[in-house]
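Student: I'd like to learn how to read a model like this one. Could you walk me through it, feature by feature?

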Amino acid sequence: MTQNEKFITNSIDASELSFNDFKSIVINDYKIAFESRQASVLGRREVLTGKAKFGIFGDGKEVPQVAMAKAFKNGDWRSGYYRDQTFAFATGISTIKEFFAQLYANPSNGADPFSGGRQMNCHFATKSINEDGSWNDLTQIKNCSSDISPTGGQMARLVGLAYASKLFRENKELSYLKNFSVNGNEVAFGTIGNASTSEGVFFEAINAAGVLQIPMAVSIWDDAYGISVPAKYQTTKEDISEVLKGFQRDEKNAGYEIYKVKGWDYPALCEVYEKAINVCRDEHVPVLIHVIELTQPQGHSTSGSHERYKSKDRLAWETEHDCILKMREWMLESAIATEDEILEIEKKAKIFVRNAQKEAWNEFLDDIKPEQKEIIDLINGVAKHQPEIAKISASLSSTADAQRREVFTAARKAIRLSVNFDSPERNALLAWYKKNRELNHDRYNSKLHTGGVESPNMIPVVDAAYDDLSKMVDGREVLNACFNENFARDQRLVAFGEDLGNIGDVNQGFAGLQAKYGELRITDTGIREMTIMGQGIGLAMRGLKPIAEIQYLDYLIFALNVLSDDLASLSYRTKGIQKAPVIVRTRGHRLEGIWHSGSPISMLLGSLRGLHLCVPRNMTQAAGMYNTLFRADEPAVVIECLNGYRLKEKLPTNVGEFTVQLGRAEVLEEGTDITVVSYGSSLRIVQEAAEELALLGISVEIVDPQTLLPFDITKVCSASLAKTNKLLVVDEDVPGGASAYILQKIIEEQKGYFYLDGQPRTLSAKAHRPPFGSDGDYFSKPSVDDVIETIYQMMHDANPVKFPPIY
């Protein structure tokens, strides 16, 4: 028996099983549960002794998770919570050795197959894609979407994972996608703690699934606390299934099937899960299983003890109602196993778990020890010329169980202290450091983006084409034509959002397309921004190409937690084994008032690394970006100019085919005196200002970066600055917002500092949100007058004789 062996639970069919078969299944289930408990106990000890930084475990939830695992089939999906280790063991998603490797944050290939050492323990994921970004056959594995720590964050994506099954079942045009679904029979399993059902995203997801009628099975692990806070402060009536009784379906209305079961009652749990998941799978009805009377024997995590906040009576009750103890008692009472048999199971389980832990720890160290020895030898070589450096290697030699941090700290210190003493030994140390720095980039910093064969930068650039018959149309018509062409081309494309379906969105980009392509592909949603995003993430993880619309950029704030915590980090936190190519479509910049004129770009730049951020200046450029993204496999936000839908643009003859390369900046107007960088709606302001500035003898070069993530990958901005030597950044974000980001990119990364002959400037909106009305817009966001006078002042500063002061 290897320490990485999987012990998978089996379903119980009493009509076909002999007693001995039944006994074998039950004993195996007890073994899985008991091993999981030992992993929790030992894992906590490893943290408290300093081998691991932090631990959070699933003790007290073992028996219901074994029961849930029995109903989990190949092709199904889990979107869960960091208490689900027993489920992961029982389904074969994780071994106990892998569990400990993740606890130690082992970045070695394959040690932590869920995150490559990047996530804390009990954060699981399965391999959806290969190294090149191509999809695996998801129907042949038990799928686990990558866990996140925000306690309700899994609920948003759960909606999309379940909704995909509905689309695969009801849209026969998707039947060719054999690797993603078998007739939509897949159930999306969600788990959440009782306290986290107080979160808004939980209620959003529950309501959305009830409306959509999708195969979503939510298990609530209820141990009556949320860390130290009891249920009376968490939940109305102290009972979430009582709160949700109105969702129970009846003969007339769609809704949920709701079940309540005690978490220590093994036979009842097996029965409830079999019944509930069969209903969910066959009828595509969401189900909720409220698992009550659970315990948390070791408290919330390694950061504290539950004895501080639980009464003696509660602690005594938890001891008596421990689910493993109760299962043990039931096995004895039912003559399934004798005391001696159970003791033998427990003895072997303790040994097995201890050996798995030791092997995981030794493998973690074994990957570092050669580096430790090598760097000690290299530093000792340098010490031949500088004896005082020997103390660095001596200190590292005496460090028991040194981790990579200690090794690199020693190497870098030795390199710094020997900077004035060139020698072959120092060169060897330096070469080692440079080589291993690249290896560590792969271990700790790689895969912010998938970077596979369908990466946006692999999509061929196709220029927009026009002919003599190309007509001028409203910008919205360019988008509409683009969407129409692509929906006809790719059956995987779906779009949904508030007012998107029947009326074709508030700005008519999808006008008439629902009637043409059907409600399954172009769909209205309720007002629920978090689960609109989650719907997109889940669909994308299952091989579809969703456009998730947020009506205005201002409202993206309501979904920012889902985008930032989940979507933006997905490729990175799984080290590239999962992807979700969602396109988030929204509109912003200029219109009217505080809630419809948003341009909070710095907020997005700071929270959405891992997504592409597209800021097209008009609808033709937006269409080109969509054409690129529809063919690519990485997520993006596209912000259309809210005041551009009715401006006239020429309709390309290849409106569904031409592409815009992400990160390719464009010089819109050439000039010699000053470089102005802007994007989105502000570009029209800058272009208008440039006309008057020309009359004043000032030649303006205007650069549109087109995307902010990535930003100007060919360094068009610095090339322009090398010619003009002056820089102004104009945008509609707050002072020091996106403009500061753009300055950092140009001045620091592109080394534009060396071309400046004057102070670079920014012109942004005011610090407050724009007031309502045209006057409010004029006095709070950059105007043509503002741009003219700012540029003129910069020219005055450089040549006051030629450009005398205006005021």
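Tutor: Helices (H or I, at least four residues) and strands (E, at least two) are DSSP runs, numbered from the N terminus. This is a predicted model, where local features need pLDDT of at least 70, side-chain atom pairs count only at pLDDT 80 or more, and totals for chains, interfaces and linings use all residues. Residues are numbered from 1 along each chain as its sequence is written, and side-chain values use heavy atoms, with hydrogens and water left out.

Student: What share of the residues is buried?

Tutor: Buried means under 20% relative accessible area, exposed over 50%, partly exposed in between (1.4 Å probe, protein chains only). By that cut-off, 61% of the 807 residues are buried.

Student: And which residues have the most contacts inside the largest nonpolar core?

Tutor: In soluble globular proteins, nonpolar side chains tend to be buried together. A nonpolar core is a set of buried Ala, Val, Leu, Ile, Met, Phe, Trp, Tyr and Cys residues joined through side-chain atoms within 4.5 Å. The largest one has 119 residues, and F202, M216 and L708 have the most contacts inside it. Helix α5 (residues 154–170) gives the most to this core, with 10 residues. A second, separate core has 94 residues, including A276, V279, A410 and A414.

Student: What does F202 touch?

Tutor: Contact means heavy atoms within 4.5 Å. Leaving out residues up to four places away in sequence, F202 touches residues including M155, I192, V218 and L288.

Student: Where does E238 sit, and what is its phi?

Tutor: E238 is in the loop between β6 (229–230) and α7 (240–243). Its phi is near 60°, a positive value in a residue other than glycine. At 48% relative accessibility, E238 counts as partly exposed.

Student: Is D505 buried or exposed?

Tutor: D505 is buried, at 0% relative accessible area. This residue, not a glycine, has a positive phi of about 80°, and it lies in the loop between β10 (493–497) and α16 (513–517).
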